[in-house]
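Subject: Handing over a structure, with notes on what was found

Dear colleague,

Please find the sequence and the structure below, followed by my notes, which are meant to be read with the structure open beside them.

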Amino acid sequence: MARVSILSVQSHVAYGHVGNSAAVFPLQRVGVEVWPVHTVTFSNHTGYGAWRGPVLPADQVREVVQGIDDRGFLGQADALLTGYQGDARMGEVILDTLALLRRRNPRAIYCCDPVMGDTATGFYCLPGIPEFLRDQVVPQADVLTPNLFELDFLTGRSPASLAEVVEAAQQLRRRGPGTVMVTSVTTPDLPDDVLRMVVVDQAGAWQVETPLIEGYFTGTGDLTAAMFLAGLLRGESAAQAMAQTASVVYSVLRATADLGRSELALVEAQQELVTPSHRFSATQIG
């Protein structure tokens, strides 16, 4: 595979795997060069209820990006990957970073995981962030990877069927992103013992189904966005990249569940990142 580089602007935790801590090693393991820029440095993810460490000021994040550009390296990045954005000022830095990257490399793509909440918890980001993502970030993204809860907010609708999920993803595409992959798709018209991903791009719509694994795992969305972007940068179609991503994520989660953990077993299951034990294929639905 030709060298591929991703600038990944996300949170970081010392213990566990969310944000860059869930994206960097898996990307490296599949042969992608990653330049991590951290927006926070926490002891652990906030789901534990307590944590220590700083939220990095937006200006400091801007300085790190500027330093990369000062060395003349920024134009070598093939993509920008972002997840949890912290606050609106950080979002503005990310959009400025994107504008600078596109000046240095017009072919670079932006993959945004619009992290703001999920069905189990509701919103867990600061007030104003969902609206900022919807109004400012979505139109700038090339690739968007919302979960179903985030899709609902970004489109102002609550899909009650697989067909309506596709319609909502197409609605997002009309606002900017060429490719929209929706994760954790469950609707009343479908069996509840499987999880689905749905991807929609200019070529059509596809879904992939994986068995449901009981438990609550953190960092799966971060891993999913990273693996999907890696596939697109390898030249895979959206359907192929989604199928490989589903295979990787399910295989890692299966290994994690077998170990009785909630933090992803990325080290123990690292071979699953490259050659997943469980394989799933995408089927066209539109």
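If we set aside the neighbours within four places in sequence, Thr179 is in contact with Asp142, Val143, Leu144, Arg173, Val199, Val200, Asp201, Phe228 and Ala238. Please keep in mind, here and throughout, that this is a predicted model.

Thr179 belongs to strand β8, and with a relative accessibility of 11% it counts as buried, because the cut-off for buried is anything under 20% relative accessible area. Gln202 stands 23 residues away from Thr179 along the chain, yet the C-alpha atoms of the two are separated by 7.6 Å. Is Gln202 buried or exposed? At 65% relative accessibility Gln202 counts as exposed, and its place is in the loop between β9 (194–201) and β10 (204–211). Apart from residues up to four places away in sequence, Gln202 touches Arg173 and Gly178.

Two further residues of the strand that holds Thr179 deserve a look. Thr183 is found in β8, which covers residues 179–185, and Thr183 is buried, its relative accessible area being 11%. Once neighbours within four places in sequence are left out, the contacts of Thr183 are Pro146, Asn147, Leu148, Arg196, Met197 and Thr224. Thr183 can also be compared with Ala226, which is 43 residues from it in sequence and 13 Å from it in space, taken from C-alpha to C-alpha. Ser184 lies in strand β8 as well, but with a relative accessible area of 40% Ser184 is partly exposed. Although Ser184 is not a glycine, its phi is positive, at about 55 degrees.

Next come the helices, starting with α5. Helix α5 (residues 148–155) is mostly covered, since seven of its eight residues are buried, namely Leu148, Phe149, Glu150, Leu151, Phe153, Leu154 and Thr155. What covers these buried residues includes β5 (117–118), β6 (122–123), α4 (129–137), β7 (143–144), α6 (162–173) and β8.

The axes of α7 (residues 220–233) and α8 come within 8 Å and cross at roughly 145 degrees, and the crossing in which α7 passes α8 is right-handed. On the side of α7, the residues that take part are Thr220, Leu223, Thr224, Met227, Phe228, Gly231 and Leu232, and they meet Ala238, Ala241, Met242, Thr245, Val248, Val249, Val252 and Leu253 in α8. Sorted by class, this contact has eleven nonpolar residues, four polar ones and no charged ones.

The cysteines raise a question of their own. A disulfide is a covalent bond between the sulfur atoms of two cysteines. How many disulfides does the structure hold? The structure holds zero disulfides. For Cys111, the closest cysteine sulfur is that of Cys112, at 7.5 Å, which is too far for a bond, because a disulfide needs the two sulfur atoms within 2.5 Å. Cys111 is buried, with a relative accessible area of 0%, and Cys112 likewise counts as buried at 0% relative accessibility.

Lastly, there is Glu33, whose place is in strand β2 (residues 33–42). Glu33 counts as partly exposed, at 36% relative accessibility. Glu33 and Val4 are 29 residues apart in sequence, while from C-alpha to C-alpha they are 6.0 Å apart in space. Not counting residues up to four places away in sequence, Glu33 touches Arg3, Val4, Ser5 and Ile6.

With kind regards

Terms used: Residues are numbered from 1 along each chain as its sequence is written. This is a predicted model: local features need pLDDT of at least 70, side-chain atom pairs count only at pLDDT 80 or more; totals for chains, interfaces and linings use all residues. Side-chain values use heavy atoms; hydrogens and water are left out. Helices (H or I, at least four residues) and strands (E, at least two) are DSSP runs, numbered from the N terminus. Buried means under 20% relative accessible area, exposed over 50%, partly exposed in between (1.4 Å probe, protein chains only). Contact means heavy atoms within 4.5 Å. Axes are lines fitted to C-alpha atoms, for helices over the stretch in contact, and angles run from 0 to 180 degrees between N-to-C directions. A crossing is left-handed if the near helix is turned anticlockwise from the far one by less than a right angle, and right-handed if clockwise. Ala, Val, Leu, Ile, Met, Phe, Trp, Tyr, Cys and Pro count as nonpolar, Asp, Glu, Lys and Arg as charged, and the others, Gly among them, as polar.
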